Amino acid sequence: MSSGLRTADPDAPPETPESHARSWRGIGAGFVAKLLLMMLVNAAGITAILSAQRAGAWVILGVLVAGLLIADWVYFSKRAVPLKYLFPGLVFLAVFQMFTLLYTGYVAFTNYGTGHLGSMQQAVNAALIQDERPVQDSPQYPLSVVRAGDELGFAITDGDEVLVGTTEDPLTAVGGATVGDNGAPATVPGWEVVPRAELFTDTDLQQRVVELRVPISDDAEDGSLRTREGSTGAVYTSRLVWDDAAQTITNTETGVVYSPDDRGSFVSPDGDRLAAGWYVNVGFDNFVRAFTDASYAGPLLKVTAWTFAFAILTVLTSFGLGLLFALIYNDPRVRGRKLLRTLMILPYAFPAFMSALLWRGMLNSEFGVINEWFFLGADIGWLSDPWLAKLAILWVNLWLSYPYWFLVTTGALQALPGDVIEAARVDGAGRWRQFRSITLPMLLVSTAPLAIASFAFNFNNFTIIYMLTGGGPAFPGSSTPMGSTDILISAIYQISGVSGGRADYGLASALSIVVFVVIGVISALAFRRTRKLEEM
């Protein structure tokens, strides 16, 4: 009968004070390490939460608060052991994948782009600044650029006074400053006077100084101080006046009143718009514009057709050439197979962007070695003619891609069961029949998923397009930034304005979603077909 009392295990080693101490030291060290790590996580999280609050990003703030609370619960709870290992991966997935996708989707439904980059208040400020004119008879003040950390300001000499101000703080007199021989402030308490030599050599600093505006006083109508060269400053004022109560901008010279519309612009009664605007939700307008706007629909249709052709032809040609070489060098009768295989994969080991730049030089119509060596110096526009440029891209991409398929198919061929091939040979099947009925179907079972991945990669193969042709040559008579060799991803890059020109992030994001959906649907259908191959 059980007495309900626990009895010690006679085979267990006796517990000693030393074993208890070691156990507590292990537990204490682990807990302290976890506590320190979570302190760092909470510190970073609270900093991010305060930044989101200051920026007014309430959705992000809510997500950060929820994530921080969940992290603390997971790592201080004894019941969430699996989540302790899964949570970091989930966080990285949310930050680097889901956030990007969701934000791209959000931008796709806005007019975010050139002229519509901020809030309404930012658009008002930009409009007032863009309309600034120098005040008539404004004196030229001797000026020095001053700096405190990352903040820039102006210090000027006005009579016997030295005044200092920044974008946020108007000009204010300071004591203890000294004036140099040129009349500009030489030293200013609390500020570092930026050396003239640095202004001449630092282009980023020059840009910041030219764009800097320091208000003369608390009244915005008094204007602001600006400089063109960093040594003298003048007062500028704007003809536009912002009425916060009526939410309108008035031109004081003409009396025209600009009112906000539902498209994020200030519009006058006769339809004139100010250049500065703000981004608003426009619904499905970007998607509709991509397919109905005459300036985009035609070029985008051509770009889409070329994108599919480029991806499909690249996969077929590179797979075919790689398989051909794999069959040749898999034959035991070929001598020096290891050396020849090594030579075959050299293009694959070379950086793709460098290869594209190399081929771009060789295909140059004026001094490229292709025309010089192989076409007797003929002036063939490999990169200026639309069809020849597409052919050049397919050729260069074939040169870059076939070694990958050569490696893949070589391994797949060596993994095929030899008894099946031998049985077919005994039954009288020739080489072509063996390849068509046995080798190729068995290869496709293992390589079809890789072919799908290769199609998705080449569908978005930005590097080869950008480095070889830059998307050109341009469509004749088209006002869009797209060209004859652009694929969808490079066209999106051009529309986004990253390389210069007018940016249309809303349309670019809408097209990114379309590309994402197209690749997802094609991949899903292709994988279903792959499963049928396995069944066969």
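1. Helices H14 and H15 of this predicted model run roughly antiparallel to each other, because their axes cross at roughly 150° and angles over 145 degrees count as roughly antiparallel. H14 spans residues 418–426 and H15 spans residues 431–459, and the two axes come within 11 Å. The crossing of H14 and H15 is right-handed.

2. On the H14 side, Val420, Ile421, Ala424 and Arg425 make the contact, and on the H15 side Gln434, Ile438 and Thr439 do. Sorted by class, the residues of this contact of H14 with H15 are four nonpolar, two polar and one charged.

3. Arg289, Ala290, Phe291 and Thr292 of H7 meet Ala294, Tyr296, Ala297 and Leu300 of H8. The contact of H7 with H8 comprises six nonpolar residues, one polar and one charged.

4. On domains: the protein chain is divided into domain 1 (31–108), domain 2 (130–277) and domain 3 (296–535). Between the C-alpha centres of domain 2 and domain 3 the separation is 54 Å.

5. On confidence: the protein chain has a mean pLDDT of 88, with 94% of its residues at 70 or more. Residues 1–8 have pLDDT below 50, and this stretch has zero contacts in the model beyond near neighbours in sequence.

Terms used:
Residues are numbered from 1 along each chain as its sequence is written. This is a predicted model: local features need pLDDT of at least 70, side-chain atom pairs count only at pLDDT 80 or more; totals for chains, interfaces and linings use all residues. Side-chain values use heavy atoms; hydrogens and water are left out. Axes are lines fitted to C-alpha atoms, for helices over the stretch in contact, and angles run from 0 to 180 degrees between N-to-C directions. Helices (H or I, at least four residues) and strands (E, at least two) are DSSP runs, numbered from the N terminus. Angles under 35 degrees count as roughly parallel, over 145 as roughly antiparallel, 65 to 115 as roughly perpendicular and the rest as oblique. A crossing is left-handed if the near helix is turned anticlockwise from the far one by less than a right angle, and right-handed if clockwise. Contact means heavy atoms within 4.5 Å. Ala, Val, Leu, Ile, Met, Phe, Trp, Tyr, Cys and Pro count as nonpolar, Asp, Glu, Lys and Arg as charged, and the others, Gly among them, as polar. Domain bounds come from an automatic or database domain assignment. pLDDT is the predictor's confidence in each residue, from 0 to 100.
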